[in-house]
Amino acid sequence: MRRVQGASLISSFFQMVIGFSGLARYFARHLSPLASVPLVTLTGLGLYVRGFPLLARCIEIGLPALALLVFLTQFLPLIWKAKKEIVGQLAIILSVGIVWTYAEILTVAGAYDNTSQERQINCRTDSSSLNGAARWIKIPQPFQWGIPIFEVGDALSMMAASLVAVIESSGTFYAASKLSGAPPIPPSALTRGIGIQGIGTMIDAVFGTGNGSTASVEDAGLLELTKVGSRRVVIVSAIIMVFFSILGKVGAFFSLIPLPIVGALHTFLFPYVASAGLQYLQFCNVNSFRSKFILGFSLFMGLSVPQYFKEYVFLSGHGPVNTGFTWFNDIIQVIFSSPPTVALIIAFFLDRTHTPKAHSTRKDSGMDLKEQYDESEMTQQIYKIITSLDDLCS
């Protein structure tokens with residue numbers, strides 16, 4: 001843990017440099033809608049392992065949770081004639097509460113008493129031992145594991161992971177702006193988001209959480225479901241989470257939720273993020289051979305390459321790159337195991353090098369329409385601000 005803390009501290013400064021130095025600004029200015037499609041789409045689709053495979057670990061619990069989510073959000077508003085936004089705001093709580101109660105009934109009734117240990121872990125609601133061991137109140141203390149240990153190899157490996165986190169978070173940022181109906185993210189906002197993410201990772205390292213901070217793909221999908229994109233809601237939610245983090249029993253209570261229910265939520269929310277990536281196609285000329293090749297090739301490689309790297313580790317115990325330098329092996333393995341990262345590298349490279357001087361390139365990539373859309377959206381925002389100021393003065 002002390003080595004993880006040291007590596008996380010260094011990687012947090014690496015993220016802050018990317019964000020606050022202007023490197024992310026350069027990237028955002030040259031990222032076309034065509035290259036944004038694979039990035040944002042695979043930010044959602046690339047997490048498919050955490051969807052139905054997790055749900056299917058206990059199918060009699062996960063599948064009802066997914067079916068109830070679909071019914072409450074898609075069909076109940078048509079039957080009940082209720083506002084879809086109101087139903088969407090309550091659907092997660094209702095579905096989790098109902099299926100969690102159903103899982104508790106199965107557990108108490110002894111449905112899993114004579115099953116395998118793996119099935120009991122995934123299906124039972126009392127498989128977690130945290131509830132009895134957790135304290136009621138525990139205030140996190142900095143450097144609880146001791147003084148961090150700094151090693152070059154660990155730091156380089158963690159910097160690679162932080163770079164992947166930056167790319168995947170960027171895809172989540174773009175998806176959140178689309179799903180919330182906000183104007184396209186300006187480069188300055190993207191740099192602030194990445195820089196603040198680095199600050200969050202630094203706080204994680206100081207308190208020894210063992211992980212870093214990244215944008216939540218689930219919450220991005222929740223924007224489309226609930227239609228709530230207010231930053232005040234996010235601030236209030238963050239305050240509540242900080243408060244509950246002191247109460248150990250609260251976290252232990254929520255750890256009793258069976259993982260297949262979480263898998264049902266992922267299966268339902270991640271596709272929203274994937275669909276947000278497809279919305280960027282409205283700016284592109286999809287009839288162009290260039291656009292078809294870049295889109296198809298980057299999406300396919302974004303799914304195929306990480307699968308190859310993961311299967312190689314599963315079969316041989318190490319990645320395809322197996323040199324004498326462990327840190328170098330880890331860097332290659334981390335970067336090429338991330339679908340959004342692989343897709344972005346390929347799409348961005350091809351978009352910048354494939355016939356860059358052709359007259360139709362900017363139109364095919366969507367840069368012309370993107371700039372016009374940005375200008376019109378900015379004009380509308382300025383008009384709204386001026387109108388609100390006039391109303392306030394009057």
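Colleague: With which residues is tyrosine 174 in contact, leaving aside its neighbours within four places in sequence?
Modeller: The model is a predicted one. Once the neighbours within four places in sequence are set aside, the contacts of tyrosine 174 are Ala28, Leu31, Leu39, Val40, Ile185, Leu190 and Tyr280.

Colleague: Is threonine 191 buried or exposed?
Modeller: Threonine 191 has its place in helix α10, residues 187-207. Apart from neighbours within four places in sequence, threonine 191 is in contact with Gly19, Phe20, Ala24 and Arg25. Its relative accessible area is 6%, and buried means under 20%, so threonine 191 is buried.

Colleague: What is the radius of gyration of the protein?
Modeller: The protein has 19 helices and zero strands. For 394 residues the globule rule gives 21 Å, and the computed value is close to this, so the protein is as compact as a globular protein of that length. The radius of gyration is 23 Å.

Colleague: How far apart do the centres of the positive and negative side chains lie?
Modeller: There are 28 positive and 24 negative side chains in the protein. The distance between the centres of the two sets is 2 Å.

Definitions and conventions:
Residues numbered from 1 in each chain as written. Predicted model: local features only at pLDDT ≥ 70, side-chain atom pairs only at ≥ 80, totals over all residues. Heavy atoms only, no water. Contact = heavy atoms within 4.5 Å. Helix = DSSP H or I, 4+ residues; strand = E, 2+ residues; numbered from the N terminus. Buried < 20%, exposed > 50% of the residue type's maximum accessible area, 1.4 Å probe, protein only. Rg over C-alpha atoms; globule rule 2.2 N^0.38 Å. Lys, Arg positive; Asp, Glu negative; His and termini not counted. Charge placed at Lys NZ, Arg CZ, Asp CG, Glu CD.
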